[in-house]
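Visitor: I have a structure open and want to learn to read it. Can we go feature by feature?

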Amino acid sequence: MSVKSSTVHIDPESDPSTAKVSDKASFELSTSSAPTPDYNKKKDSGMNATQVLLFVLLGCVLLSLVIIPWVLYANEAGKNNDNDGDGGDNDGAAMNDDDELTSIFPEGTDFGDVHIFVVGDWGRVDWAEEENEPDAAKNQTQVADAMNKIAGTRTGHKVIVSTGDNFYDDGLANLDDAETFMNNFVNVYQSRPNLKDLPWYVLMGNHDYRGSILAQLDFNVNKWVPNNLWKAQLGGKNTILKSFNGKTSVDLAWIDTSPFILKYRNCPGTKTYDFQSVGYPFYVPGSPTSSAFDIALQQKVDELDAALTQNDYVTTWRLALGHHAIRSNSHHKDTVELLNQVDEVLWKHGVHAYVNGHDHDLQHVTRTYCCVFDQGTPAYGTEEDSDPACNQIEVPPIAFSTVDSAPYTSNSVPMNGRPMHYFTSGAGSMPRVDDTYPELDDSAINAKYWSPEPGFLEIQAKEQELNFFFYDKYGNKQYDFQIKK
């Protein structure tokens, strides 16, 4: 199955100089042209046939030694990860015989597990020096150490997800900004032995859009990262991760949230957001260009709906991931635009949880109804990157204002009686420790957990259970939650 990218995506394939190299191994059988026979030369009695036979047999043995282990590893170790949006159409490829897998993978491997390490709002090594905030860089390296520690104890299929704001304060400057990339990513994460070979699925945050988004796409970044481990996500596509034995599968739906946020277009203040580089139309508030931008956003919503539709009832678990929170009890509160346009699609397809960054903390929030704005106020005049003079042109309308207007609830068929879970993992470097959240006490029915300390989220998928673990910067587990089949 495949979901075609919208025109709002940059297509590196359109420029051969930027086309990314396929991560699929390929094998070619080369033959050289035969020399012109010399009929005057005495024939060799049978030696040529014998040599050919030996050559063919030796070739078959060598090919079997190379191809068979590679095929088994590709199928079982997650080479079916789909970064091209085709829905991960390799369901039948995984082996179900654990005895056979034991002969390929090390003893103790969790054949049935998928581990997703989620970190957000992290790239502050250079920023910390510029702003004289050494704790930000220290926190980032400590969180990386904690991730390395936990990853070293996991033996199943492992990947890392970044929820965005990868490089502070204004993303990567251009296609050649190797110094920023090396200082904040390679030297921090790829220097850790248990992280260096793991693929990164990377969402973009609002700070990333202040720089060059093209600089963070695969075709550019993978000149700095070995083995095409960096997999940028601009929404409208899904990735399916599978356990080595194929019995557990996780559908990851990517959402590029920054273009949805009205203030970045209407009220950017002194900042510029690089939406046009990835195909969004030029935007002037109140002009026909604003309608064209809205059409492009609706196309992204339609692509998300289609990508989830193709995998309905196919995978064990379903997650959606973006930078901005749909639901938050902390600094930024609920995001009206995502409640208006995105939340309904997730409920429609029975997504188990939405995972985000943006708020610099660790958080678990639930709701038994979708789409209703009920936390915070829909005004952004105090946001650090907005111009307070913008007033109402940056405030989005509220589409659903009461629970009675909610298109879906926990009693709707896709949810089967369960609420939606919203997890924030945006504490990768510098949390907002000065903020207080009195509403997050034990009696708050929608607020399950909040921590202002640096840390990360691990999602552990098994055949019958989906586990969420929050860790602090020392690798100590602070919270866990489980969804069962």
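Visitor: Arginine 124 lies over the face of which rings?
Guide: This is a predicted model. In it, arginine 124 lies over the face of tryptophan 127, at 4.4 Å from the ring centre. Arginine 124 also lies over the face of tyrosine 168, at 3.6 Å from the ring centre.

Visitor: Next, rings with rings. What describes an aromatic pair?
Guide: Two values: the distance of the centres and the angle of the planes. A search of the whole structure finds 28 such aromatic pairs. Take phenylalanine 185 and tyrosine 189: their centres are 5.8 Å apart, with 45° between the planes, and the pair is tilted.

Visitor: Are those two residues buried or exposed?
Guide: Phenylalanine 185 is buried, at 1% relative accessibility. Tyrosine 189 is buried as well, at 0%. Both belong to one aromatic cluster, together with Trp122, Phe167, Phe181, Trp200, Trp224 and Trp230.

Visitor: What does an edge-to-face pair look like in numbers?
Guide: Look at phenylalanine 275 and phenylalanine 293: 5.9 Å centre to centre, 70° between the planes. Phenylalanine 275 sits in the loop between helix 8 (262-266) and helix 9, while phenylalanine 293 is in helix 9, so the pair ties together parts that are 18 residues apart in sequence. Both phenylalanine 275 and phenylalanine 293 are buried.

Visitor: On to charges. How many salt bridges are there?
Guide: The count comes to 17. In one of them, the side chains of arginine 192 and aspartate 145 meet at 2.9 Å, N to O. Arginine 192 lies in the loop between helix 5 (178-186) and strand 3 (200-203), and aspartate 145 lies in helix 4, so this pair ties together parts that are 47 residues apart in sequence. Arginine 192 is buried, with a relative accessible area of 13%. Aspartate 145 is partly exposed, at 38%.

Visitor: Which residue forms a salt bridge with lysine 196?
Guide: Aspartate 197, with the closest N and O atoms 3.2 Å apart. Lysine 196 is partly exposed, at 36% relative accessible area. Aspartate 197 is also partly exposed, at 49%.

Visitor: Where do glutamate 303 and lysine 300 lie?
Guide: Both are in helix 9, 3 residues apart, about one turn of the helix. Glutamate 303 and lysine 300 are both buried.

Visitor: Which residues are linked in a network of salt bridges?
Guide: Asp169, Asp170, Arg210 and Lys271 are linked this way.

Visitor: Now the sheet. How do strands pair?
Guide: Through backbone hydrogen bonds, either parallel or antiparallel. Here 7 strands form an open sheet with mixed pairing, in the order 4-3-2-1-12-13-14. Strand 4 (230-233) and strand 14 (477-484) are at the edges with a single partner strand each, so one side of each has no neighbour in the sheet. On average, neighbouring strands are turned by 20° against each other, direction ignored.

Visitor: In what sense do strands 13 and 14 pair?
Guide: Antiparallel, over 7 bridges. Phenylalanine 469 stands opposite aspartate 480 in strand 14.

Visitor: Which helix packs on the sheet?
Guide: Helix 4 (residues 134-151) does, touching strand 1 (114-119), strand 2 (157-162), strand 12 (455-461) and strand 13. The direction of helix 4 makes about 25° with that of strand 12.

Visitor: Last one. Where is threonine 316 found?
Guide: In the loop between helix 9 (288-310) and strand 7 (317-321). Threonine 316 is buried, at 13% relative accessible area. Beyond its neighbours within four places in sequence, the contacts of threonine 316 include Lys247, His352 and Lys485.

Definitions and conventions: Residues are numbered from 1 along each chain as its sequence is written. This is a predicted model: local features need pLDDT of at least 70, side-chain atom pairs count only at pLDDT 80 or more; totals for chains, interfaces and linings use all residues. Side-chain values use heavy atoms; hydrogens and water are left out. Two strands pair if DSSP finds at least two bridges between them. Helices (H or I, at least four residues) and strands (E, at least two) are DSSP runs, numbered from the N terminus. Axes are lines fitted to C-alpha atoms, for helices over the stretch in contact, and angles run from 0 to 180 degrees between N-to-C directions. Contact means heavy atoms within 4.5 Å. Buried means under 20% relative accessible area, exposed over 50%, partly exposed in between (1.4 Å probe, protein chains only). Rings of Phe, Tyr and Trp (its six-membered ring) pair if their centres lie within 6.5 Å; planes under 30 degrees apart count as stacked, over 60 as edge-to-face and the rest as tilted. A charge sits over a ring if NZ of Lys or CZ of Arg is within 6 Å of the ring centre and within 35 degrees of the ring normal. A salt bridge is a side-chain nitrogen of Lys or Arg within 4 Å of a carboxyl oxygen of Asp or Glu.
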